[in-house]
Amino acid sequence: MREVTPKKIREMKGREKITMITAYDYPSALLADKAGIDIVFVGDSLGMVVYGEPNTLNVSMEQMVFHTRAVAKAVKRALVLADMPFGSYEVSVEEGVKNAIRLIQAGADAVKIEGGADHEKLVRKLVRMGIPVMGHTGLTPQRYLRLGGYRIMGETEEEIEEILKDAKALERAGAFAVVIEFTLADVAKLVTEEVSIPTIGIGSGPWVDGQVLVWHDLLGIYENSPPFAKRYANLGEIILKALQSYNREVKAGEFPGREHYWEFLDKDDFRRKAQKARERLEEK
Ligand SMILES: Nc1nc(=O)c2c([nH]1)NC[C@@H]1CN(c3ccc(C(=O)N[C@@H](CCC(=O)O)C(=O)O)cc3)CN21
Ligand SMILES: CC(C)C(=O)C(=O)O
Ligand SMILES: [Mg+2]
């Protein structure tokens, strides 16, 4: 059992801000855990930032299982959360349960689903079975086609109603937290005040119980980051410089340098052995 549990996350509401970051592989997850971040999250955003897709709709359970396994191997302290990908829980409660179990068996401590009110039965069932669930409302990227792209949510009373309805359904069904993605900050504040479970915002302002960002956005290694993401480093530039140096040094004959290879000190010894080796080859 890892140190950060769903119960601890719940208890942080109103006391301490919750931090969450996506990670999709072993070395990234090691660093996220070492940094003291509370929740290391295998998001279905991996379809875009790792696999180069234009949206998250083609992410498979297999991809989520493999990346969750790599992340889970690295994390000792943080809560490991895995996204349920598009198509893995909508068709039936049974299928949702089966797929949630696969993510838990890959090493996740909890799963996240998009929506709330539409999945109350699934959330209740998972929680009763012992699988902690995080919900997700506001901009839910799995509705990309219907929304016609990614845009801010909560401008109309209908959207505000829908977001509140999701959050309350999730609270009722036993979810331990809810992501509020890309809503007007006032809407996220309202939800945060209206539900007893923590709200974790992304692009939804400061009046929430925690924040989540995508790894590649935070580190500057993705070209199409959303406008609300803060770039804490420009690793893209650093990586590019390193790769250009490698390319230049090999072409110039500068790499490998003397410290990067091993040679026979006694060249006569080498000539004898090489001669013997050639002779043995010819005998065959
Ligand atoms: N790298 C990355 N970071 C994210 O935060 C993220 C993903 N990917 N993929 C899944 C969702 C999608 N998200 C997004 C992505 C883009 C915008 C965005 O750029 N909005 C633009 C308009 C884009 C358009 O014209 O369609 C804006 O200015 O509001 C917002 C949220 C947030 N999530
Ligand atoms: C944007 C976050 C909340 C997410 O669901 C993801 O990274 O997949
Ligand atoms: Mg997601």
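The model I examined is predicted.

**Entry 1: the shell of ligand 1.** I then asked which of the 15 residues come nearest to ligand 1. They are M48, V49, E181, D217 and P226.

**Entry 2: polar atoms at the ligand.** I looked up the separations between polar side-chain atoms and ligand nitrogen. For D217, such an atom lies 2.5 Å from a nitrogen atom of ligand 1. For E181, a polar side-chain atom is 3.4 Å from a nitrogen atom of the ligand. I also noted the cover: on its own, ligand 1 has 670 Å² of accessible area, and the protein covers 71% of that area.

**Entry 3: location of the ligand.** I checked where ligand 1 is placed, and found that ligand 1 sits in the largest pocket.

**Entry 4: annotated positions.** I consulted the UniProt record, an unreviewed entry, which assigns the feature "binding site" to D44, S45, D83 and K112. Why do these residues gather at one spot, although they span 69 residues in sequence? I conclude that they do so because no two of their C-alpha atoms are more than 12.6 Å apart. The lining of the largest pocket includes D44, S45, D83 and K112.

**Entry 5: secondary structure.** I located D83 in strand β3, which comprises residues 79–83.

Technical notes:
Residues are numbered from 1 along each chain as its sequence is written. Chains are lettered from A and ligands numbered from 1 in the order in which they are written. This is a predicted model: local features need pLDDT of at least 70, side-chain atom pairs count only at pLDDT 80 or more; totals for chains, interfaces and linings use all residues. Side-chain values use heavy atoms; hydrogens and water are left out. A residue is near a molecule or strand if one of its heavy atoms lies within 4 Å of it. A polar contact is a pair of N or O atoms within 3.5 Å; within protein, one must be able to donate a hydrogen and the other to accept it, and residues adjacent in sequence count only if both atoms are side-chain atoms. Accessible areas come from the Shrake-Rupley method with a 1.4 Å probe; for residues, only the protein chains shown count as cover. On a 1 Å grid over the protein atoms alone, a cavity is a set of points where a 1.4 Å probe fits but cannot get out, and a pocket is an open set with protein on both sides within 12 Å along at least five of seven lines; lining residues have an atom within 4 Å of a point. A molecule sits in a cavity or pocket if more than half of its atoms lie within 2 Å of its grid points. UniProt positions are given in the numbering used here, feature names are shortened, and annotations may be inferred rather than shown by experiment. Helices (H or I, at least four residues) and strands (E, at least two) are DSSP runs, numbered from the N terminus.
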